Amino acid sequence: ESASTRMALLPPIMQKIQQTPLLGQGIGDSLLYIHPISKADVTTRHFDWGFFEVLVERGILGLLIHLCFLLHLSMLLINHIRHAQHSVHIDLALLASLVAMSVQTIFGPGFFHLFGIVYLVCVTAVVLQPQTHKTTLGQP
């Protein structure tokens, strides 16, 4: 039932994307679809397709901003790993989980769930921490 419901959401999502592709419908937009089992009309705000939800609500422009933020956060994390003077195990785990959550958000609301938002805030806090850069012997 879950898979068929998710598939039933795709045609109305695509219609909404086609209506306002550049700027989207606005945050909190709802979706009307026909439930595959009960055949009843259902209105929901839970799109269950992460990046498609961004496309519907914020359009192509909002999706590009969101993807740029994720790319920038990844680059900051890579830079943080390169210049770390401490063990980078946590940083590598954060980078791996950022990639994993990005893939998961294709099929679900990973970054848009409360835990995803808290996760992004925590990763941002880690990469924005001031750090000293590596030095070679005899140089400050």
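Helices here are DSSP runs (H or I, at least four residues), numbered from the N terminus.

This is a predicted model; local features need pLDDT of at least 70, side-chain atom pairs count only at pLDDT 80 or more, and totals for chains, interfaces and linings use all residues. Residues are numbered from 1 along each chain as its sequence is written, and side-chain values use heavy atoms, without hydrogens and water.

Next I looked for a bend. Helix 2 has a kink of about 125°, centred on Arg58. The bend is the angle between axes fitted to the seven residues ending at a residue and the seven starting there.

**Helix 1 on helix 2**

Helix 1 (residues 2–19) packs on helix 2 at about 35°, with the axes 8 Å apart. I note that axes are lines fitted to C-alpha atoms, for helices over the stretch in contact, and angles run from 0 to 180 degrees between N-to-C directions. From helix 1, Leu10, Ile13, Met14, Lys16 and Ile17 meet Phe52, Leu55 and Val56 of helix 2 (contact: heavy atoms within 4.5 Å). I count by class 7 nonpolar, no polar and 1 charged. Nonpolar covers Ala, Val, Leu, Ile, Met, Phe, Trp, Tyr, Cys and Pro; charged covers Asp, Glu, Lys and Arg; the others, Gly among them, are polar.

**Helix 2 on helix 3**

Helix 2 (residues 50–82) and helix 3 (residues 89–107) pack at about 165°, axes 11 Å apart. Helix 2 is therefore roughly antiparallel to helix 3 (angles over 145 degrees). The contact includes Leu70, Leu73 and Leu77 of helix 2 and Leu94, Leu95 and Leu98 of helix 3. I find 11 nonpolar, 5 polar and 1 charged residues there.

**Helix 3 on helix 4**

Helix 3 packs against helix 4 (residues 114–127) at about 140°, with axes 11 Å apart. Among the contact residues are Met101 of helix 3 and Tyr119 of helix 4.

Note on methods. Helix = DSSP H or I, 4+ residues; strand = E, 2+ residues; numbered from the N terminus. Parallel < 35°, antiparallel > 145°, perpendicular 65-115°, else oblique.
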